[in-house]
Amino acid sequence: MAMLRSQLWQQLRRSMRLPMQATRIFGCPRYAMPTNNRTTVAAQWSNYSTATATTGVTKKRTGKATATQQVSVESLWTQLETYYNQHSVCRLEHVDRLLQQLEKQSFDQSPPLTANQLHFLLGVCVPELLPVPSNKERSQLFRRIWTQLLRVTQPSISHYHTQLQMLRQNQLPLPDHRALLAEIATYNGSPDAELYAALLDVAGASGNMRQATELLAEQRGHNFPLTERNFHALLLGHGRSGNLAGVAEVLSSMLAANIPPSYSTQATCFVAYVENGQLEKARELLKQHQEQFNAPQLLQMLRALVLSQHWDAPLMQQLIAQLPRDIVEDADVPPAIGSLCIQLLHRGQAEQMIQLVGALPTPQYNENQSIDGYATLLLHELFYARTPLPQMLKFATELRQRGQNTRALELLTELALRRQPSLALDCLEALSAAGETLRPHYFWPLVLQQQRSEGESGVLRLLAEMQRLRVECDEVTLRDYVLPRLWQTLQQPRQALQQLDEVGVRVSQTLSHVLNQLLLQQQLTQALELLQLYPTRLQLAPLLTPLASLAVHARATKRYAAFAQLTQALQQRSLQRQEDFVGALLLQMCGPQTRLRQEPDSLLRFLHEMQRLQLKMSPAAAESLLHVAAGSAQPDTREAIVKVLQKMRQSELLLPPDVSVSSGGGSFIKHPRDMSLDELECHLIELEAKQLNTRGVLRRLLQLSVRDGRLERALELLAKCEALRVQISPGMLAAILDLHIKLKDVTRAQQTLLRLQKTYPGFQIDEHKLIDYAALLVHNSQLEEAKQLLRERAAQHKVNGGDYVIKNVWQLLNNVAQQAMKEPVPDSGHSLTFETFEFLRKLGYCQTHNALLGPVLREWLLRGDLDAAIAEFQRLATRYKHTPLQFELLSLLVKLSNGHEEELARFPGTTKESAQQHLANVTATVTRVHGSVNMNSALLLALAESGTETQLRRLIINPEFRLNHEQLLKNCEHLGQEGAVQTLLRLARGVRGLQRAIDEQRIYDMLLTQFAKTNNYEGALDLYDRLQADDELKVSQDFVRNLVQLLQVNNVEIPSSIALRAQIR
């Protein structure tokens, strides 16, 4: 049977050297490809024209085959050929996609497919080779292929025979046979007996006895004798027209013509009886000629019985029992029967298909044969045909029970997980009921499907189902599939663990993974609360990497103490008490190419907080950290680190074996990735002097120069790299992009970004760089392009957002505010900056933050619309409980209330009275949000900035005026960092003699400390001169000593008045 089924394809390959041949399957000739193509004009069949092909029906079924992705005709042909060789049938999707591609192409040069290949496609349009479509759909597909054939060659007589074969197999009528004969005669000569026999086959197959009578008359006119084939066509024609008496008359005529009925004749009679419901006659006929029919005849009879409306299972079993053993005992369902089963499935007759396969004997496998390949094509087709789940399970279960395919249920489950996950849970349940052990990874596709369809509640329900099926989640399932898809649930970790425990996932299993997720999401506080609630012992090694990543966030947000508390809580719950968890963590935090390695001051802060909590580390880790600090720390910082590390040493602790330490010996040579900027510059000079390869150092130096803002030097290095044709890595391209962004060169930034995306399409640019590029686009009036860029990034990758990029988002919104002031207010009534803020928040780039709401308010101030600014301030305070630009707005309103002419000119229509009313409204709003004490502190600073000394003094001496001293001190420190010296001096003079507000001398010390941090000795001297000029003030001795220390560090000559006060000789 396999040989018979593959003969068509073999003849296609041999068609260049063999004459046309025909094979018989189901008792019907199937024509192969011709060797010669005689030139004829385009064929048109009267009412049944193949030259006017349509695609209406096939498009309905192709689904994914109509995708926009362009593929070559050659690859589509290869797909079709491969599928045919594997399964001996063709899929409609493959043929339709191939035709769609052909219909799009022009045949100006060489055609994509040869005439032989197109002829093969014509021969495919029969139920046996294309079982899924209906007869009408196959005929429409044939017309489309015929249209493509006309573009390549003129139809020959073999093509017309294939056309008639298609009509006969699909039981379709030929409306006007004379028109077709005339067309064939014009270019292929007079019709022969073979052509009339084929026409009579078509008439008989469609039950058109009137046309059959006309054809018989024409045959007699041509003196063509009647053959057994002609009588068979008449037998089938009478049977399909419902005239069984006519069948008997034809049999009598055969005897009269000395043509005794053969077994093929009896097979045709069987078909006629079955199709007319005469099952007893069919059964009697089969009994009379038992074991005498050959395989094609039996398959013809089986097809007629199975596809008729008169199903008879015992008769079907008798037919299968007479089939040759080499056909039915193969390692798979026989191809002819498999094609028949596919037809049944797509006709909604799954039960008949199950019975048909059930009638086949169990195959006998040898050692080299696969035991799970039986009926796999039919298992696939169950999903294509959208068969109801109970029938799917029944089919797979019976295959398993009969031993035809012992892994049928497993295969069905796998297909469900791939194709239709909504059915997979029932399949898994059936598999469990059959005694198979279910494993956690079977449920991975279901986790993804449940999260897409039902969200996090669907994932939890699936875990409950896993518990019901006695499947315990393993570590990989929890870490990689379940917990990453419970992001909202994990926002409340305590409740999350309870919910997971209710669905069978114990806290001891999930705590470590939940902590991992919280650390990755920078949820430091929630992680600490969880550790305090559950005293479960943990394996800490998997938490090192996410904890080191969290340290970056802790450094940026100055949460050193909270990070140290989290580290202490983790160490207390370690399973390995003698392992140096703290040292391993700090070494990972100070790894190569990390910011902390270049910032010893931040490292000192971490160490100080950990030492305060009595955390210890091994001597090896302490030595390695000391070596890290020695490379970049200032002498005083290095000394402080040495002292702290000395206190934290504990000799009993040992680093984990997989943690590497660096030696501090004299033979140690740093790798360029571990060098500071100055060390890299020296190393570059050495390499250039020795004429050695500088490419690696140039790359690293360029990246660090851009990161530290040395833009001019970065441009020089970029020029050197281009001159030396240094190979550009994706990280280097990202640094060059950052360079052009910082230089506000939008053209070159755009070119670099396109180059990066084209050269390294898989490289993911840092969020902050992408946001900075969007800010540059906005600065150049390209807001829509910036939004599209951010939208595409959010669609392609998960957006982290958060405090890490808050400064970048703030700059983007500031640029929007600057551009929006030039444009009219949107119709929505909201400012353009607010709409952009909401756009960024919904995409996940930011959350609501006081700093980010500042640009929203600033847009109205830039527009000069004070009324709208105050209204926006009140709306934001009510909605978000934030008071953006509080200090700036209060300072502005104080100026306006005092009649400041320049400021009044900025806001047309604003008067002193209206400004005073606005000031009252703003203070009331701040009081409602932050309380009166905090509002008083803010108002005090605003008066120090913009009010008069009298107003400031009057406010302070008011006994009912209460302050938040801690908040006021923080605000003063912030103003000192911003360089608001005049404001702080006025505040100091205002509080002089009144210890209830803030100590005057403390303000001066704060200013001096800020000058010392920035190494601004000139500002410090100017501050000292101002204080000396005030006769009522006596500068403290500590202030003078700190000033002298700053001057000495900068090698500045100390003025005599200062030296005298400090008692310096």
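Residues are termed buried under 20% relative accessible area, exposed over 50% and partly exposed in between, with a 1.4 Å probe and protein chains only. The structure is a predicted model, in which local features need pLDDT of at least 70 and side-chain atom pairs count only at pLDDT 80 or more, while totals for chains, interfaces and linings use all residues. Numbering starts from 1 along each chain as its sequence is written, and side-chain values rest on heavy atoms, with hydrogens and water left out.

The predictor's confidence in each residue is expressed as pLDDT, from 0 to 100. Its mean over the protein is 83, and 90% of the residues reach 70 or more. Where pLDDT is low, predicted coordinates should not be read in detail.

Nonpolar cores were defined as sets of buried Ala, Val, Leu, Ile, Met, Phe, Trp, Tyr and Cys residues joined through side-chain atoms within 4.5 Å. The largest core has 204 residues, and the members with the most contacts inside it are M353, L356, F395, F563, L566 and L570. Its largest share, 8 residues, is supplied by helix α15 (residues 295–307); helices are DSSP runs of H or I with at least four residues, numbered from the N terminus. Leaving aside residues up to four places away in sequence, F395 touches M353, I354, V357, A375, L378, L379 and L382. A second, separate core of 65 residues includes L940, I956, Y1004 and L1043.

L1043 is also among the buried residues of helix α56, together with F1039, V1040, V1044, L1046 and L1047. These residues lie on the same side of α56, because they cover an arc of only 160° around the axis, the arc being that of the directions from the helix axis to the C-beta atoms. The 13 residues of α56 (residues 1037–1049) should span 18 Å at 1.5 Å a residue, in agreement with the 19 Å between the end C-alpha atoms; the expected span is 1.5 Å times one less than the number of residues. N1051, which follows α56, has a positive phi near 55°.

Helix α44 (residues 832–843) has 12 residues and reaches 17 Å from its first C-alpha to its last, close to the expected 16 Å. Its buried residues are L832, T833, F834, T836, F837, E838, F839 and L840, and they pack against α42 (783–796), α43 (806–820), α45 (850–863) and α46 (866–880). Just after α44, G844 adopts a positive phi of about 95°.

Rings of Phe, Tyr and Trp (its six-membered ring) were paired if their centres lie within 6.5 Å, with planes under 30 degrees apart counted as stacked, over 60 as edge-to-face and the rest as tilted. This rule gives 11 aromatic pairs. The pair F834 and F837 is tilted, because the ring centres are 6.4 Å apart and the planes stand at 40°. These two residues are 3 residues apart in α44 and so are separated by about one helical turn. F834 counts as buried at 4% relative accessibility, as does F837 at 0%. Ring pairs also link W77, Y84 and F120 into a cluster.

How values were computed: Contact means heavy atoms within 4.5 Å.
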